[in-house]
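Please read this report with the coordinates open. It moves from sheets to cores, then to rings, a helix and loops.

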Amino acid sequence: MATKTFDSAVKGAEMLVAFDWYPGKNNDKGDRAYENGGEFRIMDSSGNTVFTLNNTNNAPLSYFAGGQAPVQTAITDPEAWYDIEVGFDLIANEVTVSLENQDLGIDEEYTSSLEGVAFDGSISTLRLVGMRTSGNNHTWTTYLDNVGIYSVPIADNTITKVDQLSYHRVYVNETTEDLSSIGLPETVTVTLADNSKQEVAVSEWAEVGAAWNPSEPGVYEFNGTLAETDGVQNDFERSAQLYVYNRLAPPENARQMEWLDRSVVAINSEDGIFISWRLLIDEYDQDVTFNVYRGGKKLNDEPLTVTNFVDPDGTPGTKYTVETLVDGKKKKKKKEKHKVRASSTDYLSIPMQKPEGGTTATGDYTYSVNDSGVGDLDGDGEYEVIVKWYPSNAIDSSQQGMTGPTIFDAYKLDGTLLWRINMGHNLTSGAHYNQFIVADFDGNGKSEFLIKTADATTSYGVTDGKFDSEKVMSVIGNAEDDGKWVNEAGHVYGGPEYISVFNGETGKVIDTIDYAFPLGDVASWGDTWHNRSDRFLSGVAYLDGEKPSALYGRGYYGRTTFVAMSLVEGKLVEEWTFDSDEEGRGGRLGYHSLSTGDVDNDGFDEVIAGSLTLDEDGSILYAMDGEMYREKGSHGDALHVGAFDPDREGLHVFGVHEDPAVASVELHDGATGETLQSYYAYVDAGRGVAANITSAPGYEFWGTGGHTPETGGGIYNVQTGLVDDSFRDAGLSVNFKTYWTGDLLHELLDDTRITKYNEKTGKSELVRQFDGVMSSNGTKATPTLSADILGDWREEVLLPTTDSSELRIHSTTIPTDYRMYTLMHDTVYRMGVAWQNSAYNQPPHLGFYLGEDIREQVLAGELETPDVTYTNDPDEKKGKGKKKGKK
């Protein structure tokens with residue numbers, strides 16, 4: 001809310017911050033403690049929050065040093081003036097705070113140790129911060145007066161801090177028990193009292209806590225004793241701190257994956273008919289080439305290594321065939337779809353069977369196409385599309401209203417309807433409800449459909465390709481209780497809550513179990529009006545390293561929960577649950593989305609739930625808690641996880657934060673949480689994107705932070721930092737990214753437009769405008785789906801027509817020289833497609849790095865590929881579909 005940074009930081013052996021403070025009243029929506037609050041913070045020149053005074057509604061004033069546990073004072077009246085003194089004694093390594101009520105003369109004093117507090121010995125910034133913890137708005141009227149800062153001076157050549165060292169990374173068993181084998185630095189940079197920098201030798205490095213074990217993965221802490229150095233005083237006995245991450249090598253376990261057909265697409269373009277087709281991951285490093293035929297005429301002179309071709313003489317309606325050659329010989333064995341008739345448009349169309357609307361207490365409603373997902377529901381190697389139908393009276397969790405039921409349809413690409421599921425009236429409709437997962441959980445080569453259900457959720461079959469309301473396939477729970485468990489505000493308040501998994505081909509339920517985290521006491525989730533309790537997430541993760549498991553989450557503003565489930569012999573089995581209330585930490589750190597991937601190279605996937613990362617067993621791997629060079633995190637609206645830096649093996653996490661008290665825009669290492677870059681604007685940063693948009697090594701990222709480079713308003717590269725002063729001036733959208741043109745860089749997808757960043761001009765340029773269609777989810781303006789589901793490795797954009805009569809699959813018509821296997825055979829990307837439509841839709845990212853800086857490597861076909869096991873390979877007997885990738 002207000003920040004004062006001094007032109008020159010105050011330093012001293014002793015420092016005192018004195019001021020008069022009227023804490024003031026924060027608005028709230030209830031009588032519970034821990035509602036909206038405000039804080040007075042003292043920060044050092046390294047950006048550490050050294051000391052905090054907290055003023056939370058309905059709770060006594062409290063204080064804490066660094067990230068220590070809060071200490072409550074006896075002060076319960078925020079609407080009074082107080083004399084405050086905060087004294088730092090760097091010799092004793094203590095902080096003392098005194099608070100005196102000016103009217104009553106009541107004086108309190110508390111002393112706490114600074115041991116373990118990140119503090120460089122300076123005072124640089126005073127900050128007032130509002131914290132929105134309840135409701136969608138926060139107001140706070142507070143006053144400071146008579147502020148003074150005093151210090152006992154120190155010599156200019158006194159070391160005030162040892163500059164922070166980045167994590168040192170080694171791999172398991174590449175070092176020995178001898179600490180010298182680790183490569184610990186011989187010198188470190190220090191900051192002196194006159195703000196100058198100097199290199200100082202380290203006389204000795206010693207383990208802190210766990211002893212170094214070269215064969216045991218994990219993060220180890222070391223303390224470095226500074227050597228005596230001429231002209232430098234170390235009166236405060238500063239020492240160096242270094243974290244060494246002993247990382248596992250990338251795993252080699254084979255994961256189950258869908259076998260897919262050739263998926264030939266022939267669509268109209270300005271240059272003729274554009275034909276493209278799919279390359280599978282096991283074919284990438286093999287001698288697999290292609291011929292293209294128009295009718296019976298071969299169009300290419302030499303076999304094609306790429307997976308696209310333009311026929312300038314082609315016309316709509318022409319029949320094309322793509323022939324596969326292995327080692328120069330025609331492949332006949334695999335039953336792959338390789339024939340197609342050219343479309344007269346530059347997109348494919350799936351006709352929709354729009355459900356009839358209805359009436360609730362809120363009024364009349366109609367249906368429109370919203371989000372969708374894909375999976376091979378019948379095992380033929382071609383994706384089907386599962387479409388979510390939204391009623392027009394759907395609500396946000398913070399709103400009230402009786403909604404119509406959410407409806408799901410499953411369509412083949414030719415428009416054939418397979419089934420319909422009506423979720424019923426015991427489940428509210430809106431962006432934060434009805435999260436769904438499409439994946440092959442049992443390894444039978446066919447995807448299932450998993451979702452949270454309630455009494456009267458009903459699946460229907462079809463007759464002659466049309467929805468048939470008389471053809472009931474399954475009913476969940478008690479059909480007669482439809483609408484019984486929703487209150488007048490339109491929110492679920494009681495009754496049974498289930499998780500069900502349905503046969504993707506027939507729509508018939510396979511199994512139903514009780515949901516691990518039913519509503520219970522609504523206040524336990526953080527409020528009494530269902531805004532906290534009615535927030536759900538879903539996702540997919542290879543928790544055992546071999547097959548997909550389902551994830552379902554409830555809550556993230558406050559109490560945060562997850563349950564992991566597997567489908568075993570037709571039964572849903574709970575693998576683990578996580579509850580931040582039981583754990584005692586991990587709450588208030590979740591996002592409106594999640595991501596999954598193997599961040600620590602143990603072969604098993606972790607759950608990246610925003611500022612909280614869970615290990616494959618549901619335990620906390622780390623939280624963004626302000627410790628170990630992890631900056632404090634909070635709830636956020638946009639999350640991106642992928643391989644963003646070619647020089648830092650592994651996955652990386654970029655996000656924006658809703659809490660103005662933490663970094664608005666932040667990038668950290670996926671395995672350790674080490675913050676790599678962060679920018680503070682002290683705002684609710686609602687959007688952010690990570691995408692590779694320049695030819696420089698590494699991705700760029702940007703978000704709706706401040707309006708200057710220092711406050712997160714620029715474009716930043718993961719390796720080099722600032723690329724451009726303003727993403728706004730560059731015209732960059734902050735929504736989805738996609739692969740559309742023929743290079744290895746991303747384009748940006750927003751609403752019904754694709755744009756591309758021009759490095760030469762520093763401006764964004766229009767690439768494609770989709771006409772006659774609409775985006776979904778209001779101002780979020782997201783596609784129904786964005787994923788590589790057809791043709792070559794570029795991505796398709798699925799958007800419904802404005803009347804929802806058809807769903808159009810837009811595919812690129814731009815040729816490319818790059819030969820790439822389908823992105824859907826990268827499990828990080830494939831899981832991303834599965835969770836893309838959870839709450840606030842986010843684009844999927846790759847688990848490997850791709851960019852124009854590795855152009856020659858890609859052209860040479862030298863990307864590494866993991867092992868996969870096809871679950872439905874027609875060339876193999878069941879369970880024998882292992883395909884070796886390149887290592």
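Two strands pair if DSSP finds at least two bridges between them. That rule applies to the strands below. The model is predicted.

Strand β20, residues 272–276, pairs with β23 in the antiparallel sense over four bridges.

## A five-stranded sheet

A further open sheet has five strands in the order β9-β8-β7-β2-β11, with antiparallel pairing. Here β9 (107–113) and β11 (143–152) stand at the edges. Each has a single partner strand, so one side of each lacks a neighbour in the sheet. The twist averages 15 degrees from one strand to the next.

Strand β2 covers residues 14–22 and pairs with β11 over eight bridges, in the antiparallel sense. Leu 16 stands opposite Tyr 150 in β11.

## Strand β38 and its partners

Strand β38 spans residues 498–503. Five of its six residues are buried, so the strand is largely enclosed by the rest of the structure. Six bridges join β38 to β35, and the two run antiparallel. The bridge partner of Ile 451 in β38 is Ser 500.

Ser 500 also has a bridge partner in β39, namely Thr 512. Strand β39 (residues 509–514) pairs with β38 in the antiparallel sense over five bridges. The two strands form a hairpin with five residues between them. In the turn, Gly 507 has a positive phi of about 85 degrees.

## Nonpolar cores

Which residues have the most contacts inside the largest nonpolar core? They are Ile 275, Phe 449 and Leu 450, in a core of 139 residues. Phe 449 has 0% relative accessibility, so it counts as buried. Leaving aside neighbours within four places in sequence, the contacts of Phe 449 include Ile 386, Phe 408, Ile 421, Phe 436 and Val 438. Ser 500, Val 501 and Phe 502 are also among them.

A second, separate core has 35 residues. Among them are Val 10, Phe 40, Leu 61 and Tyr 63.

## Aromatic pairs and charges over rings

The structure holds 35 aromatic pairs. One of them joins Trp 419 and Phe 449, with ring centres 5.5 Å apart and planes at 55 degrees, so the pair is tilted. Trp 419 lies in strand β33 (residues 417–422) and Phe 449 in strand β35 (residues 448–453), so the pair ties together parts that are 30 residues apart in sequence. Trp 419 counts as buried because its relative accessibility is 0%.

Elsewhere, ring pairs link Phe 51, Tyr 63, Phe 88, Tyr 110 and Phe 119 into a cluster. Two charged side chains also sit over rings. Arg 559 lies over the face of Trp 525, at 4.1 Å from the ring centre. The charged end of Lys 780 sits over the ring of Tyr 840, 3.9 Å from its centre.

## An enclosed helix

Why is helix α3 described as largely enclosed by the rest of the structure? Nine of the nine residues of α3 (residues 827–835) are buried, so the helix is largely enclosed. Among the buried residues are Tyr 829, Arg 830, Met 831 and Trp 835.

The buried residues of α3 pack against several strands, including β18 (255–257), β30 (367–375) and β34 (436–439). Also among these are β40 (536–541), β44 (595–597) and β60.

## Two buried loop residues

Ser 776 lies in the loop between β59 (763–769) and β60 (785–787). Is Ser 776 buried or exposed? Its relative accessibility is 4%, so Ser 776 counts as buried. Beyond its neighbours within four places in sequence, Ser 776 is in contact with Val 369, Asn 370, Asp 371, Ala 781, Thr 782 and Thr 784.

Gly 706 lies in the loop between β53 (700–703) and β54 (715–717). Gly 706 is buried, with a relative accessible area of 9%. Neighbours within four places aside, Gly 706 is in contact with Ala 681, Thr 711, Gly 712, Gly 713 and Arg 728. Gly 706 and Gly 87 are 619 residues apart in sequence and 32 Å apart in space, C-alpha to C-alpha.

Conventions
Residues are numbered from 1 along each chain as its sequence is written. This is a predicted model: local features need pLDDT of at least 70, side-chain atom pairs count only at pLDDT 80 or more; totals for chains, interfaces and linings use all residues. Side-chain values use heavy atoms; hydrogens and water are left out. Rings of Phe, Tyr and Trp (its six-membered ring) pair if their centres lie within 6.5 Å; planes under 30 degrees apart count as stacked, over 60 as edge-to-face and the rest as tilted. Buried means under 20% relative accessible area, exposed over 50%, partly exposed in between (1.4 Å probe, protein chains only). A charge sits over a ring if NZ of Lys or CZ of Arg is within 6 Å of the ring centre and within 35 degrees of the ring normal. A nonpolar core is a set of buried Ala, Val, Leu, Ile, Met, Phe, Trp, Tyr and Cys residues joined through side-chain atoms within 4.5 Å. Contact means heavy atoms within 4.5 Å. Axes are lines fitted to C-alpha atoms, for helices over the stretch in contact, and angles run from 0 to 180 degrees between N-to-C directions.
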